[in-house]
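Biologist: Could you take a close look at one part of this model, beginning with a pair of neighbouring strands, and then follow the picture outwards from there?

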Amino acid sequence: MSTLPVLDPTKCDGCGLCVTVCRCGALVMTGATVTLVQVDDCGWCCDCELVCETGALQCPFEIITIED
Amino acid sequence: MSITIENISILGYFKGVGADRLSSLLPLFGQRSFSKGQTIISEGESEQSLYFVGAGVVKIFKTSAEGKEQIIKITRPGESFNDIAVFSNGPSPYSAQALGTTTVVYLIHKNDLMPFMEKDWKAAQNALHVLADQSRLLLNLIEDLSFKNVMARVAKILLENSLHGAEGFQKLTQYEMAAMAGTAREVVGRSLKSLEDTGAVRLERHQIVIVNKDLLNQLAGLN
C-alpha cells in the first residue's frame with residue numbers, strides 16, 4: 001500500500017484531466033467526480049497536481065533532514 | 001469522434017465567430033490522437049499547423065543540450081500551441097508531448113487559416129489576445145528564470161520547513177513552495193532537480209531528504 005496524492009472533493013470540478021495523466025491508475029472517474037483507488041505503485045510523478053486547475057489534487061512532499 | 005462546430009467555437013481563436021463562418025473552416029481541420037508520452041511536435045521541427053487540444057493534456061517544454069527540461073506551459077482542452085511557428089514562419093521553438101492517456105488534438109495548416117483570418121476581424125482580434133496572453137506568460141517565466149535566484153529561495157524554504165522525525169514531518173507541495181518563493185511551479189520543479197544535482201538533497205518519491213545541510217545552507221546564502 002503506498003501513499004497517495006491528497007484529493008479535496010469540494011474543489012474538484014470533475015474535468016478528469018488528472019485521470020488521463022495518472023500513470024498508476026490511482027485516480028478514476030466515478031460518475032462526474034474523481035476518486036482515489038489504493039494502488040501499490042504510485043510513483044509520485046505529481047502530474048495530477050500539475051494538470052489540476054482547481055487545486056483539488058495535491059502531492060505534498062515530506063521534508064526531512066538526515067543528521068550527519 | 002470527428003470534430004464539430006461546437007468543438008471549434010470554444011477555441012480561443014474562434015470565440016464569437018459566427019457558426020456560418022466556422023462551418024466554412026470545419027472541413028479544413030484535421031484531428032489526431034496521441035497516447036501518453038508520445039511526441040506531438042519536436043523543437044526545431046518545421047511544423048506549420050496550429051494545434052488545439054481537444055481532449056487530454058499537452059506539455060509544452062524546451063530541452064537543454066544537457067537534457068534538462070523546462071516546462072513552458074501545460075496546455076489544456078481549448079488551448080492552442082505551435083502558434084509561434086505558424087505566425088513567425090519559423091521552426092517550432094518548443095516540443096509538445098501528450099500527457100493524457102488519450103490526447104486528441106485538432107490542427108489546421110497556416111495556408112488554410114490565414115485566408116480565413118484575413119477576412120474575419122473577430123478571429124484576427126482573438127489571435128492577438130491569445131498571442132498577448134502567451135507573451136505575458138513567457139515574460140513572467142523569463143523574469144523568474146533571469147532575475148530571481150529561485151534555487152536559493154527553494155533551498156531556504158526547505159531548510160525552514162524541515163523537521164526531524166520525532167517532531168513529525170512538515171509537508172509542502174510544489175505549488176506551495178512556488179507561492180512561498182514567488183515563482184511558478186514549473187520553476188520550483190527544476191530548482192529541486194538542480195538542488196539534487198548539487199548533492200544537497202535527495203528526491204525520494206514523496207520525500208525531499210536534506211542529505212547535506214551545510215551545503216544547502218551555503219546554496220541558500222545563509223553561510
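Modeller: In this predicted model, strand β4 of chain B, residues 58-63, runs antiparallel to strand β7 of chain B, residues 95-98, and four bridges join the two. Within that pairing, B:Ile60 has B:Ala96 of β7(B) as its bridge partner. The pair belongs to an open sheet of four strands in chain B, whose order is β2-β7-β4-β5 and whose pairing is antiparallel. The edges of this sheet are taken by β2 (39-41) and β5 (69-75) of chain B, and because each of these has a single partner strand, one side of each is left without a neighbour in the sheet. On average, and with direction ignored, neighbouring strands of this sheet are turned by 35 degrees against each other.

Elsewhere in chain B, the surface carries a nonpolar patch formed by B:Ile84, B:Leu137 and B:Leu138, which together have about 190 Å² of accessible area. Of these, B:Leu138 sits in helix α5 of chain B, residues 121-147, and its relative accessibility of 31% makes it count as partly exposed.

Turning to chain A, two residues of one loop deserve attention for their backbone angles. A:Trp44, in the loop between β3 (33-36) and α2 (47-51) of chain A, has a positive phi of about 60 degrees although it is not a glycine. A:Cys46 is placed in the loop between β3 and α2 of chain A as well, and its phi, near 70 degrees, is again a positive value in a residue other than glycine.

The cysteines call for a separate check, and a search of the whole structure finds zero disulfides over all chains. For A:Cys48, the nearest cysteine sulfur is that of A:Cys59, 3.8 Å away, and A:Cys48 is in no disulfide; a disulfide would need the two sulfur atoms within 2.5 Å. For A:Cys18, the closest cysteine sulfur belongs to A:Cys12 and lies 6.2 Å away, which is too far for a bond. Relative accessible area puts A:Cys18 among the buried residues at 8%, and A:Cys48 is likewise buried, at 7%.

Technical notes: Residues numbered from 1 in each chain as written. Chains lettered and ligands numbered in written order. Predicted model: local features only at pLDDT ≥ 70, side-chain atom pairs only at ≥ 80, totals over all residues. Heavy atoms only, no water. Pairing = 2+ DSSP bridges. Axes fitted to C-alpha atoms, helices over the stretch in contact; angles between N-to-C directions. Patch = residues over 30% accessible without salt bridge, like charges linked within 9 Å, V, L, I, M, F, W, Y side chains within 5 Å. Areas by Shrake-Rupley, 256 points an atom, 1.4 Å probe, with all protein chains shown as cover. Salt bridge = Lys/Arg side-chain N within 4 Å of Asp/Glu carboxyl O. Buried < 20%, exposed > 50% of the residue type's maximum accessible area, 1.4 Å probe, protein only.
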